[in-house]
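Let us walk through this structure together, from the whole chain down to single side chains. Please keep the viewer open as you read.

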Amino acid sequence: MPVESSSSSGSRQAKQKRKSHSLSIRRTNSTEQDRSGLQRELLEGQDSKLPLTLRTNLLDLFSQIEREFENLYLENIELRREIESLNDRLAADGQAVEGADLAKGALKTKASHSTSQLSQKLKTTYKASTSKIVSSFKATTSRAVCQLVKEYVSHRDGIWDLSATRAQPVVLGTASADHTAMLWSIETGKCLLKYLGHQGSVNSIKFHPSEQIALTASGDQTAHIWRYMVQLPTPQPVADTTTPCEDDVDSSDKDDVDGDAEGPNDCPSVRVPTTTLRSHQGVVIAADWLVGGKQVVTASWDRAANLYDVETSELVHSLTGHDQELTHCCTHPNQRLVVTSSRDTTFRLWDFRDPSIHSVNVFQGHTDTVTSAVFTVGDNVVSGSDDRTVKVWDLKNMRSPIATIRTDSAVNRISVSVNQKIIALPHDNRQVRLFDMSGVRLARLPRSNRQGHRRMVCCSAWCEDNAACNLFTCGFDRQAIGWNINIPALLQEK
């Protein structure tokens with residue numbers, strides 16, 4: 001009867017499905033001989049208009065693909081175990097190894113690809129992911145020693161910028177949101193002088209290349225040039241606080257200096273600048289000296305950078321073109337070149353080497369705010385961004401970067417060492433990392449509940465001529481830190 005026929009047919013289909021499912025499970029763990037037998041059994045139990053030979057060849061090809069995916073699946077299981085183990089070790093860093101979703105990305109191949117193309121793509125993806133793991137392990141187990149030497153604490157608000165003097169005596173300068181700039185003894189950590197001339201946040205500080213003159217930029221829409229006279233105190237022995245980079249333990253979100261920091265009782269102050277530069281209609285976020293020290297450039301939130309003559313205080317050029325607020329400006333150490341960065345995701349190179357021609361080049365290498373762009377002594381520009389990347393550019397050919405560093409946090413004001421060209425990256429996530437110009441990670445500065453920054457790190461500055469501290473960092477934890485980086489050991493790990 002029709003009903004019985006339908007029931008019988010449904011029963012046979014259900015049995016056939018269970019049988020096919022059972023055969024599929026058995027095939028996963030069977031030998032090649034069993035696979036051939038199962039293939040023939042499936043072919044005999046299925047209706048098809050294709051010739052048996054062609055069906056056999058197709059099934060052989062699908063079996064090869066299946067074996068490729070089986071091997072990949074086993075490799076991915078092992079890879080995931082390694083990733084989980086690595087992420088546990090790097091949890092304190094706030095890092096995550098890319099490639100955790102390897103299986104999903106690796107399996108997105110077009111059906112039209114041949115078996116060999118599919119296999120090659122899977123191998124390439126797997127190799128790239130394992131290379132990242134090897135690189136991360138290498139960076140984590142670096143033997144380079146990064147020693148915290150001195151902490152400079154007196155500011156009552158976050159420190160935006162810092163730099164070391166180029167002329168003798170060598171001192172450290174800090175610019176803070178508490179409306180002050182301070183000069184410090186590098187060896188003793190004592191405040192030598194406080195500048196009180198600004199009415200707004202001090203956003204930048206740079207020193208004249210040969211004289212005891214400082215340049216500061218402020219939220220009061222001005223830049224000040226002021227002279228200073230300091231006497232260095234007798235240095236005291238420094239306690240050994242050596243901490244290997246690989247042994248530091250990340251701290252919790254514990255904040256430091258919850259109360260007001262105690263200001264220096266005997267610190268002299270300067271209240272009146274020798275020169276005030278007024279032309280901007282917004283916050284002056286950064287300023288720097290051109291080579292020779294006769295001109296300065298300022299960058300503002302009014303979307304313009306201004307070039308001033310120091311002796312006359314006159315505006316020489318207004319550098320316009322950025323679509324949004326400027327974030328930083330930097331001058332070349334040996335040539336009349338200026339680079340400005342902006343929230344419009346670009347940075348611009350201004351050339352003043354020819355007095356009759358002032359050329360400008362626009363570079364669009366980032367996808368978010370360019371927080372800083374700096375020159376090296378050679379022919380390179382290094383740019384950092386909120387898009388969590390740092391890019392190295394060749395001045396002779398800046399169509400595309402020669403190296404790209406990808407990080408896990410926004411990058412603030414970077415600096416590059418003069419002699420070894422090591423890039424120091426201050427991050428929003430309180431970390432400071434060191435890279436070489438080719439993008440290889442060298443080290444991460446130690447940070448724990450006992451030392452290191454506890455809030456966003458705003459700026460880094462190298463001072464390789466100083467024997468005690470050759471790297472300085474500052475942040476919103478209201479302190480600047482002097483580090484001694486063992487550069488030979490650092491480069492030995494490359």
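What follows starts with the overall picture and then visits a few places in turn.

First, some ground rules: this is a predicted model, in which local features need pLDDT of at least 70 and side-chain atom pairs count only at pLDDT 80 or more, while totals for chains, interfaces and linings use all residues. Residues are numbered from 1 along each chain as its sequence is written, and side-chain values use heavy atoms, with hydrogens and water left out.

The protein has 6 helices and 30 strands; helices (H or I, at least four residues) and strands (E, at least two) are DSSP runs, numbered from the N terminus. Of its 494 residues, 49% count as buried, where buried means under 20% relative accessible area, exposed over 50%, and partly exposed in between (1.4 Å probe, protein chains only). The protein exposes about 24400 Å², and carbon and sulfur atoms supply 48% of that area; accessible areas come from the Shrake-Rupley method with a 1.4 Å probe, and for residues only the protein chains shown count as cover. Contact means heavy atoms within 4.5 Å. Among contacts in the protein with a separation of 6 or more, 53% are between residues 24 or more positions apart.

Now turn to helix H3, which covers residues 52-89. How does the span of its 38 residues agree with 1.5 Å a residue? The expected span is 1.5 Å times one less than the number of residues, so H3 should span 56 Å, and its end C-alpha atoms are 55 Å apart, in agreement. The buried residues in H3 are Arg 55, Ser 63, Glu 70, Leu 72, Asn 76, Leu 79, Ile 83 and Leu 86. An unreviewed UniProt entry places a "coiled-coil region" at residues 62-89; UniProt positions are given in the numbering used here, feature names are shortened, and annotations may be inferred rather than shown by experiment. In the model, residues 62-89 are 100% helix and 0% strand, with end C-alpha atoms 40 Å apart.

Take residues 195-226: the span is 0% helix and 53% strand, and its end C-alpha atoms lie 9 Å apart.

Which side chains does His 280 join by polar contacts? One is Asp 302, at 3.0 Å, and another is Asn 306, at 3.3 Å. A polar contact is a pair of N or O atoms within 3.5 Å; within protein, one must be able to donate a hydrogen and the other to accept it, and residues adjacent in sequence count only if both atoms are side-chain atoms. His 280 and Asp 302 are 22 residues apart along the chain, with their C-alpha atoms separated by 6.7 Å.

Asn 306 belongs to strand S14 (residues 304-309) and counts as buried because its relative accessibility is 3%. The side chain of Asn 306 also makes a polar contact of 3.2 Å with that of Tyr 308. Leaving aside residues up to four places away in sequence, Asn 306 touches several others, including Val 296, Val 297, Leu 315 and His 317.

For contrast in setting, look at Asp 379, in the loop between strand S20 (370-375) and strand S21 (380-385). Is Asp 379 buried or partly exposed? Its relative accessible area is 33%, so Asp 379 is partly exposed. The residues it touches, not counting those up to four places away in sequence, are Gln 335, Trp 393, Asp 394, Leu 395 and Lys 396.

Further along, Ser 460 lies in strand S28 (residues 457-462) and is buried, with a relative accessible area of 3%. The side chain of Ser 460 reaches the backbone oxygen of Ala 424 at 3.1 Å.

Finally, consider the cysteines. A disulfide is a covalent bond between the sulfur atoms of two cysteines. Here a disulfide is counted as a pair of cysteine sulfur atoms within 2.5 Å, and the count comes to 0 disulfides. Cys 458 counts as buried at 4% relative accessibility, and Cys 191 is buried at 5%.
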